[in-house]
Amino acid sequence: MNDSELERYSRQLLVPGFELEGQERLGAASVLIVGCGGLGALAAQYLAAAGVGRLVLVDADRIESSNLPRQIAYTEADVGRFKAEVLAQRLHQMNGAVDVQCHPVFFDETSGADLLAAVDVVVDGTDNHAARLLIDRLTADRGLPWFMGAAVQMAGQNIAFTGSRKEGCYHCFAPQQVGSETASCGTLGILGPVVATVALRQVLDVLGALTDVAKVPWGMLRQYDFRADTTASLPLPKQAGCVVCDADLKPGLQ
Ligand SMILES: [Zn+2]
């Protein structure tokens with residue numbers, strides 16, 4: 001690490017448990033961000049600012065004016081442009097040392113296989129169950145951890161999944177919600193600070209996983225009700241016979 005990097009990252013280098021080794025581990029890491037909206041764009045900004053080595057952005061959506069109250073990486077002049085492309089430009093302006101790759105495509109079975117090829121962890125910036133089920137299955141196949149975030153109206157959730165899924169998986173957690181595409185911010189609404197808080201919990205989990213600066217609550221469902229100012233944390237309901245995480249059905253898993 002050169003002098004300008006030591007100066008740039010000096011405040012986080014001072015944090016016990018992060019220090020030089022944490023910075024170097026962050027610099028060697030590659031993170032895939034699936035979805036560049038309220039969750040993914042903010043997570044990507046913080047990860048780039050912190051000095052993650054490589055960020056891969058995927059989102060087929062274009063910026064709309066209704067995104068601006070919470071997706072603060074974007075400006076009025078960006079409306080109509082691809083989120084992934086605009087965000088990649090912002091991140092490059094923020095930290096030119098980060099290798100940012102953008103893919104303005106849908107995350108699906110085909111693109112997902114390529115996008116997951118050379119990453120260490122995945123951040124969920126999507127807004128629907130179908131996308132999260134796909135992330136869950138594709139990352140489980142590759143033994144990759146992923147960090148789920150969800151927010152609607154005044155409530156949010158986070159779960160950090162290990163690569164092994166020994167604590168359970170998203171398929172265990174949300175099988176009853178498969179196909180429930182109507183419960184989104186587009187139909188129910190969202191406040192910006194709610195989704196931002198959930199995104200920053202994802203970032204803290206990623207930093208903890210990549211550097212050991214913090215304990216990651218793997219497999220714990222964390223729920224926040226920002227209207228009542230309450231939080232809850234409970235273990236995932238790991239399901240025997242789950243097609244994704246049951247080790248008896250998936251001999252490759254431990
Ligand atoms: Zn499962």
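**Close-ups of aromatic rings in a predicted model**

**View 1. Arg 62 sits over a ring.** In this predicted model, Arg 62 lies over the face of Phe 82, and the distance to the ring centre is 4.0 Å.

**View 2. Trp 146 and Phe 161 make a stacked pair.** The count of aromatic pairs here comes to six. In the pair made by Trp 146 and Phe 161, the rings are 4.7 Å apart centre to centre, with 15° between the planes, and the pair is stacked. Which strands do the two residues lie in? Trp 146 belongs to strand S5 (residues 146–152) and Phe 161 to strand S6 (residues 155–161), so the pair ties together parts that are 15 residues apart in sequence. Buried or exposed, what is Trp 146? Trp 146 counts as buried, at 0% relative accessibility. Phe 161 is buried too, its relative accessible area being 0%.

**View 3. Trp 146 and Tyr 170 meet edge-to-face.** Here the ring centres of Trp 146 and Tyr 170 are 5.8 Å apart and the planes sit at 65°, so this pair is edge-to-face. It links distant parts of the chain, with Trp 146 in strand S5 and Tyr 170 in helix H8 (residues 170–173), 24 residues apart. Both Trp 146 and Tyr 170 are buried.

**View 4. Ring pairs build a cluster.** Now put the rings together: which residues do the ring pairs link into a cluster? They are Trp 146, Phe 161, Tyr 170 and Phe 173.

Note on methods. Residues are numbered from 1 along each chain as its sequence is written. This is a predicted model: local features need pLDDT of at least 70, side-chain atom pairs count only at pLDDT 80 or more; totals for chains, interfaces and linings use all residues. Side-chain values use heavy atoms; hydrogens and water are left out. Rings of Phe, Tyr and Trp (its six-membered ring) pair if their centres lie within 6.5 Å; planes under 30 degrees apart count as stacked, over 60 as edge-to-face and the rest as tilted. Helices (H or I, at least four residues) and strands (E, at least two) are DSSP runs, numbered from the N terminus. Buried means under 20% relative accessible area, exposed over 50%, partly exposed in between (1.4 Å probe, protein chains only). A charge sits over a ring if NZ of Lys or CZ of Arg is within 6 Å of the ring centre and within 35 degrees of the ring normal.
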